[in-house]
Amino acid sequence: MTAFDYSAAPYAVRDDIGREHRAFWQRLAEPGSWWAGRERVAIARASRRAWDCRLCAARKAALSPNAVQGEHDDDGELPPVAVDAVHRIVTDQSRITRRYVEDNVTAGLSKPAYVELVGVVVAVVSIDEFHRALGLEPEPLPVPQPGEVNRYQPAMLREDIGFVPTVPPEGAVGNEADLWQPMRTANVVRALSLVPDALRDWRALASAQYLSFAGMQNFIKDEARSLSRMQMELVAARVSAVNECFY
């Protein structure tokens, strides 16, 4: 059976959505910049387990997540610091602080590894939630592929937003020239740029599930989409509010 076959979905699903979902699933199984293929798939698996984690539920209900100690529901495939990061991103992301990220570095989770982890979690959760909205079972995770990580970092980085270094607006040059048009970006786009491939994955999925960078300039209606731009932004704003998104 073809992965991400939406022919039996209760609503018509555009071909480009299934195509980008399949493309990401392939990249998920491959070595990244800081995590091997088996670790990337383990991160995806942990993101699914987080929803039913008893420790996460207790922390979410507590005044402070640090007030509740214990162990996450986990299969042992990842270091505890990585599991905790995955679970917090899924279940309690609005209370992630600079101190938390810095403590993770001290515990062995580097900032580039954290950013790639965030990229995997965000992509997998968005695809899984797409399935849930359609009443479909989540796609089985891919078989990890062998290979070595490249540990690539952009030459131009700056610590001026968020809790991790990012490529500055003028830094989309050289190997990063495809990330955005010169000086035409936003902080939310820069957020994953410490690991450019994580940003590329996010951008490809967002182009299919939401809007491409070019599509952002269309404030009326794309004939290929069922919703108008105003309807899309209303849904996006409501989802962001429910998720307690900073923006």
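1. Some terms first. Ala, Val, Leu, Ile, Met, Phe, Trp, Tyr, Cys and Pro count as nonpolar; Asp, Glu, Lys and Arg count as charged; the others, Gly among them, count as polar. This is a predicted model, in which local features need pLDDT of at least 70 and side-chain atom pairs count only at pLDDT 80 or more, while totals for chains, interfaces and linings use all residues. Residues are numbered from 1 along each chain as its sequence is written, and side-chain values use heavy atoms, with hydrogens and water left out.

2. The cavity. The structure holds 1 cavity of 30 Å³ or more. A cavity is a set of points, on a 1 Å grid over the protein atoms alone, where a 1.4 Å probe fits but cannot get out; lining residues have an atom within 4 Å of a point. Grid points are joined across faces, edges and corners, and a volume is the space filled by probe spheres set on the points. The largest cavity has a volume of about 40 Å³. Its lining consists of Cys56, Arg59, Lys60, Pro65, Arg88, Thr91 and Asp92. By type, this lining of the largest cavity divides into 2 nonpolar, 1 polar and 4 charged residues. Helix α3 supplies the largest share, 3 residues. Helices here are DSSP runs (H or I, at least four residues), numbered from the N terminus.

3. The second largest pocket. A pocket is an open set of grid points with protein on both sides within 12 Å along at least five of seven lines. The second largest pocket holds about 230 Å³ of space. Its lining has 14 residues, and Asn66, Asp84, Arg88, Tyr100 and Asp103 lie nearest the centre. Of the elements, α5 gives the most, with 4 residues. The lining of the second largest pocket divides into 5 nonpolar, 3 polar and 6 charged residues. Note that Arg88 lines the largest cavity and also lies among the residues nearest the centre of this pocket.

4. Salt bridges. The structure holds 21 of them. A salt bridge is a side-chain nitrogen of Lys or Arg within 4 Å of a carboxyl oxygen of Asp or Glu. Arg54 pairs with Asp73, with the closest N and O atoms 3.2 Å apart. Arg54 lies in helix α3 (residues 54-61) and Asp73 in the loop between α3 and α4, so the pair ties together parts that are 19 residues apart in sequence. Arg54 is exposed, at 65% relative accessible area, whereas Asp73 is buried, at 18%. Buried means under 20% relative accessible area, exposed over 50%, and partly exposed in between (1.4 Å probe, protein chains only).

5. A bridge within one helix. Glu233 forms a salt bridge with Arg229, the closest N and O atoms being 2.9 Å apart. The two sit 4 residues apart in helix α9, which means about one helical turn between Glu233 and Arg229. Glu233 is partly exposed, at 29%; Arg229 is buried, at 10%.

6. A surface patch. Leu227, Val235 and Val239 form a nonpolar patch, with about 230 Å² of accessible area together. Patches are made of residues with over 30% relative accessible area and no salt bridge: like charges are joined within 9 Å, nonpolar side chains (Val, Leu, Ile, Met, Phe, Trp, Tyr) within 5 Å. Accessible areas come from the Shrake-Rupley method with a 1.4 Å probe; for residues, only the protein chains shown count as cover. Leu227 is in the loop between α8 (196-209) and α9 (229-242).
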